[in-house]
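Start with the structure itself, then read on.

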Amino acid sequence: MAKAFSGIQPTGQIQLGNYIGALRNWRPDPGSYYCVVDLHSLSQTWEPAELRANIRSTAALLQALGLGEGSHVFVQSHVHEHAELAWVLNCLGRMGELSRMTQFKSKGRGKADVSVGLFTYPLLMASDILLYSVQEVPVGEDQKQHVELTRDIAERFNSRFGPVFTVPQPRIAEVGARVMSLRNPAEKMSKSDPDPNSKILLSDSDEAIQKKIMTAVTDSGREVAYDPAEKPGVSNLLEIASTLCGEPIEALAARYRDQGYGAFKRGVAEIVVEAVRPLREQVKELLSDPAAIERTLEEGRAAAEREARPMLDRVKQAVGLL
Ligand code: AQP
């Protein structure tokens with residue numbers, strides 16, 4: 001059983017792409033850590049009250065997924081070793097390699113006041129991962145480049161200072177690793193997309209989900225077929241449905257091939273509604289019991305600290321700070 005670490009930013013309400021690309025592949029194995037990476041959220045503009053609420057609701061979602069039993073769920077800023085190791089790795093990272101990060105380029109594009117944090121956050125992410133000596137990092141496709149940077153940094157560190165870090169592998173699902181926006185299938189679905197119709201939130205009502213799927217951008221023609229280059233909108237809906245109901249894409253496409261987009265979208269909406277409803281209800285119930293969330297986060301913090309503290313000490317020894 002591979003030990004895993006992964007994180008999710010409380011930058012807004014969690015969207016279906018986060019779930020399909022990442023959360024659904026997080027396994028509650030002993031020794032694995034799943035983190036609400038709140039410090040990362042500060043790399044883009046934020047509202048304190050919203051951030052506070054999003055940290056709670058994201059933690060509740062991880063708990064609803066059963067990740068607080070077996071594996072550990074915690075909040076990044078509760079374990080100060082993350083920020084401390086990040087400074088050391090900031091001094092090993094290179095401007096050139098960080099400039100090549102596509103997330104920085106796309107999130108910073110067109111913005112006048114891009115923060116330094118947005119530029120360096122992949123090194124904080126490397127710290128998050130490397131503190132726990134994990135073999136695997138289950139992520140969506142958009143985070144693959146950051147896990148590769150983490151590998152490069154770990155190898156650079158180990159070759160200069162001795163074998164301290166485990167070099168992790170990204171674990172990326174074959175289907176659903178990049179769920180696209182419902183309004184523009186050339187862009188990925190994103191929490192921070194200002195267009196509410198571009199994304200399904202895990203907190204959306206059944207009616208909201210149905211409406212968003214029914215108005216999703218599809219492609220010219222009327223045949224339902226899986227062809228990401230020629231039919232990106234339909235292919236995105238097929239991927240979403242297939243990952244959620246477990247039926248192969250080809251079988252779904254064959255069922256709806258000649259039924260037109262209306263019937264196809266109604267079928268997809270039904271699958272998404274059935275998948276999201278139990279999560280939404282569980283999160284709502286958990287949020288009414290803040291003490292239960294606190295207990296999970298406190299257990300997670302204590303477990304994380306037991307690994308992070310000695311690892312940071314090893315780093316300090318290796319680089320000459322201790
Ligand atoms: N559209 C997506 N399809 C598949 N996987 C996705 N992930 C994000 N969007 C998709 C995966 O979700 C995990 C958590 O992501 P994150 O919170 O760390 O930040 P992100 O990748 O930047 O996701 P968002 O939703 O687009 O957030 P904002 O809007 O804040 O930038 C990661 O494993 C990610 O790959």
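## Ligand contacts

The side chain of Thr 11 brings an N or O atom to 2.7 Å from an oxygen atom of the ligand. This is a predicted model. Ser 192 also uses its side chain: an N or O atom there is 2.4 Å from a ligand oxygen. Gln 9 takes part through its backbone, where a polar atom lies 2.9 Å from an oxygen atom of the ligand. The protein buries 98% of the 630 Å² that the ligand exposes when taken alone.

How many residues surround the ligand? There are 24. The closest are Lys 107, Asp 142, Ser 190, Lys 191 and Ser 192.

His 40 sits in helix α2, which spans residues 38-41. Is His 40 buried or exposed? Its relative accessibility is 3%, so it counts as buried; the cut-off for buried is under 20%.

The side chains of His 40 and Gln 76 meet in a polar contact of 3.4 Å. Leaving aside residues up to four places away in sequence, His 40 touches Gln 9, Gln 76, Tyr 121, Leu 124, Met 125 and Asp 128. One of these, Gln 9, also has the polar backbone atom 2.9 Å from a ligand oxygen.

## Aromatic pairs

The structure contains nine aromatic pairs. One of them joins Phe 74 and Tyr 132.

Phe 74 is buried, at 0% relative accessible area. Tyr 132 is buried too, with a value of 0%.

## The chain as a whole

The protein chain has 13 helices and five strands. Its radius of gyration is 20 Å, close to the 20 Å that the globule rule gives for 322 residues, so the chain is as compact as a globular protein of that length. The C-alpha atoms fill a box of roughly 70 × 45 × 40 Å along the principal axes.

Of the 322 residues, 53% count as buried. Among contacts between residues at least 6 apart in sequence, 75% join residues at least 24 apart. The chain exposes about 14,500 Å², and carbon and sulfur atoms supply 51% of that area.

Note on methods. Residues numbered from 1 in each chain as written. Predicted model: local features only at pLDDT ≥ 70, side-chain atom pairs only at ≥ 80, totals over all residues. Heavy atoms only, no water. Phe/Tyr/Trp six-rings, centres within 6.5 Å; stacked < 30°, edge-to-face > 60°. Buried < 20%, exposed > 50% of the residue type's maximum accessible area, 1.4 Å probe, protein only. Helix = DSSP H or I, 4+ residues; strand = E, 2+ residues; numbered from the N terminus. Polar contact = N/O pair within 3.5 Å; in protein donor to acceptor, adjacent residues only side chain to side chain. Contact = heavy atoms within 4.5 Å. Near = heavy atom within 4 Å. Areas by Shrake-Rupley, 256 points an atom, 1.4 Å probe, with all protein chains shown as cover. Rg over C-alpha atoms; globule rule 2.2 N^0.38 Å.
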